[in-house]
Structure formats: C-alpha cells, structure tokens
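Please have the sequence and the structure open as I talk.

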Amino acid sequence: MITFRKYYLITGLIIITIFGLLSLENCTQQKKAPTTTPPEQQQFAGSQNCVRCHAAIYEQHLKSFHHLTSAPANRQTLKGDFDSANRFIINEHLFIAAEKRQDSFYQTAYSNGVAKLSRPFDIVVGSGKRGQTSIYWFGNYLFELPLTYFTETNEWTASPGYSRKVEFNRSITARCLECHSTSFREITNKDSKADEFAKTGFILGVECEKCHGPAMEHIAFHEKNPAEKRGHAILNPAKFSRAQSLDLCRLCHGGRLSKTKPSFSFQTGDKLFDFFQQDTGKPVSEMDVHGNQYGMLSASKCFRNSEMTCLSCHDGHKNESTQAMQFYVKCETCHSVASHNTCKLASSVTRDFLRNNCINCHMPVEASKAIMVLRKNESIPTSAHMRSHYISVYKDISKQILSAKN
C-alpha cells in the first residue's frame, strides 16, 4: 500500500513536470490544433462597457447562468461551507478540506491532521444551481481542484473525473474554456504538456460579446455618433438565419465536438463545421442531458416540423430557471385549441395545472451520465439532474405527475 508521503511526492512531481496530465472528460481532444490568435480577440471591450447604453439587459444578464458560468473565486461567488461541513473524508488518515484564510480560499489535503498540499481557488466554474467546480493556476496551466460543491445534496464531493484519492492534476483544456468563458488567449507551444493560457486579458463568464461579437469598434463608433440608432459593427443573433442561430448555441450545447481549428476561432455568425468536425448522429437514448441540448431538441417532432431555434423558447439574457409558466406560453404558440393541436389532458385538468406542468411532462428532468460526483462514503457516483430537451410524450412521467395531483 502506497503511503501518503510517497503518494504526495509522486503527485508533486507530476504537477511540477506537468507529465501525464488528464483533460476533463467532456473536453478531451485527441489531437491539439495549431494555436493562432484570432484578430477579433484583441477587440473585446468587456460587458461593463455595454451597461451605458443597455442597462436593463445588462442587469438581467448579471443573474443569468451564462454570466455565472465562470467568475473569479471570492466570497461573493463561491458556494459551499468553508467552516464546519468543509471536509471530504477519504479514509481515517486522509481528507481534503475547503478552507477560508482571511480573504483567500484553498483546498488542502491533510494526512493525520497535517497539511500536505494546498492549492487556491482561483476561478469558479458553474452557477451553483446544480454545483460548482473550481480551478487554479499553476504557471500558465489551469487545473481542476479535487472538490466540487454539489448543490443537490449540499455538500463537498469529489470533482467530476476524480476518484477517492488525493489528486490535484486534471488539466483544463481550451475547449473547456471556450464554453465556460468569453475569451482566453491560448499560448500552447510544441513543448507544452497541456494547454497553456495567458494569465491576463481573459474574460470570464459567457458575456455579451460571446453572442454579439467583439464590441470595441461598436462602442467607439456610437460614442462619436450618439444619434445613430442602428447598431454599427455589432451582431444581433435575433436576426440570424436559423442555421446561424443554432450553430451559435450548438458551440456549447451540441455535445462533444472535435475541433479542427483552435479554440476561440469560431465567432458568432460563423458556420460551426468550418471549425469543428461534423459529428455523426446518435440515437436520443445515447445522448446525455448535459451539454447536448441541441442533439435532443433536433430529434424532436417540434423541431423537425417547425423553424424553431433555441431562441424560440429562451432569452439568453435572463435567468429562466423558475419560470415554468413562461415556457408553457411558448408551447402554446403552436399547441393551442385554435390549431387543434393541444394537450389531450386539456379537458380533464385545470389551465393552471397545464401551465405548471407542460415541460415537466414533455421535457422531464433526468439524471446525467456525464456529470457525476463521488460523495463521501459512497462508491457509486451520484448524477446531477438536468432537463431533457427531447420533447416527447413520456407516459410514465405523465402518470406520476397526475398521481401526485390526486
């Protein structure tokens, strides 16, 4: 049996030499594409410069899961208990603790009560609705911290991809950051053992410019021409073609994509498969509710028999997580008495019941097979739960909801 001292030494050597690094499961690339710096990357202004003209939308956006998908780690952004229930017990000798030290936060591995390895919370990833993982800088590399705050059970668990061991060495790829941030400058070279990033100039969160394009020229023009009402040098996804709109969302909600060009090369309005390998279709049964909302939606009759896009139901500026009735209204634009295409339960339940349960019946919450965490004292990982985007008739789910009503 390997001792903690030996294990710590081995782990330290792995980290220091950056050999044998593993990438996050959903972000793995078999082959790194050559790194270039898109010229647009130098033209980002930052969302704080949008508030002057778009205050109402900006304030909404600050509460959205897009904005909250990554942020600097601090007392305002971090979830979880750092005082009493802050330990993940590995065995009677080993545990990892989430700790607050004055205004800084760390994850520290302890052996027999003695601190052996400690790394800071530098960046939080995830809004905290289902959980929150954090990452830390080591030189120009980014690594996943071993503990994740899991909201569903209100506890610290092993982070996705980690087991019941003392490990701090899962590397973060550019493809991961492409979906959890607006902009990073990759500086990976042929001698790098994993993806490397510039530690300045990045933009956390999925911000305004992720969907509307770099805004420096737009802001400069309208400062000089305040009377001009037409948006100059900026893109409005609401005016995109169906393909452009879907490609923009599919970048991060289209399942695992293998890039053929460097991460962050794709810009809003581009054709997705000019930058990624065309993936083959999978049956819905093989799709996961995390990360492949597009795949599930595109297999639905509602999608195939209409011109709907993600924007048909979603407003990317808002936090819509508690607005079930809002989605019923969206469904009603096609499924109404006037169109003779309404719910078969409409004559037997109240309108309020339908309004509250339309998506619960036809887009139920399901367990993810991709996002799973290992809880204390358990050997089988626990799934995060997310809403399916395969719109269909789920007879068993409907029966459960009707039974609960009665």
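Let me begin with Gln 43, which, once residues up to four places away in sequence are set aside, touches Glu 209, Pro 214, Ala 215 and Met 216, where contact means heavy atoms within 4.5 Å. Between Gln 43 and Pro 214 there are 171 residues along the chain, yet their C-alpha atoms are separated by 5.5 Å. Gln 43 sits in the loop between strand 1 (22–23) and helix 2 (55–61), with helices (H or I, at least four residues) and strands (E, at least two) being DSSP runs numbered from the N terminus. Its relative accessible area is 35%, so Gln 43 is partly exposed; on this scale buried means under 20% relative accessible area, exposed over 50%, and partly exposed in between, using a 1.4 Å probe and protein chains only.

A word on what we are looking at: this is a predicted model, in which local features need pLDDT of at least 70 and side-chain atom pairs count only at pLDDT 80 or more, while totals for chains, interfaces and linings use all residues. Residues are numbered from 1 along each chain as its sequence is written, and side-chain values use heavy atoms, with hydrogens and water left out. The chain averages a pLDDT of 88, and 90% of the residues score at least 70, pLDDT being the predictor's confidence in each residue, from 0 to 100. Over residues 1–41, however, pLDDT stays under 50, and for that stretch the model has 83 contacts beyond four places in sequence. Where pLDDT is low, the predicted coordinates should not be read in detail.

As for the chain overall, its secondary structure comes to 12 helices and 16 strands, and 44% of its 406 residues count as buried. Of the contacts between residues at least 6 apart in sequence, 61% join residues at least 24 apart.

Which residues have the most contacts inside the largest nonpolar core? They are Leu 78, Phe 82, Phe 121, Trp 156 and Phe 168, in a core of 26 residues; a nonpolar core here is a set of buried Ala, Val, Leu, Ile, Met, Phe, Trp, Tyr and Cys residues joined through side-chain atoms within 4.5 Å. Two or more residues each come from strand 4 (94–101), strand 5 (104–111), strand 9 (141–144), strand 10 (147–150) and strand 11 (155–158), and strand 4 gives the most, with 3 residues. Apart from this core lies another, of 13 residues, among them Ile 172, Ala 174, Phe 184 and Leu 204.

Phe 82, leaving aside its neighbours within four places in sequence, is in contact with Ala 98, Glu 99, Lys 100, Phe 105, Phe 121 and Trp 156. Asn 86, in the loop between strand 2 (70–72) and strand 3 (87–89), touches Asp 81, Ile 96, Ala 97, Ala 98, Glu 99 and Trp 156, again not counting residues up to four places away in sequence. With 9% relative accessibility, Asn 86 counts as buried.

Now to two backbone details. Most residues other than glycine have a negative phi. Gln 102, although not a glycine, has a positive phi of about 55°; Gln 102 is found in the loop between strand 4 and strand 5 and is exposed, at a relative accessible area of 72%. Ala 233 also has a positive phi, near 55°, and its place is in the loop between helix 6 (216–224) and helix 7 (242–253), where Ala 233 is partly exposed at 33% relative accessible area.

Finally, the helix pair: the axes of helix 10 (residues 324–332) and helix 11 (residues 351–362) come within 7 Å and cross at roughly 95°. Axes are lines fitted to C-alpha atoms, for helices over the stretch in contact, and angles run from 0 to 180 degrees between N-to-C directions. Helix 10 and helix 11 are therefore roughly perpendicular to each other, given that angles under 35 degrees count as roughly parallel, over 145 as roughly antiparallel, 65 to 115 as roughly perpendicular and the rest as oblique. Residues making this contact include Phe 327 and Tyr 328 of helix 10 and Leu 354 and Ile 359 of helix 11.
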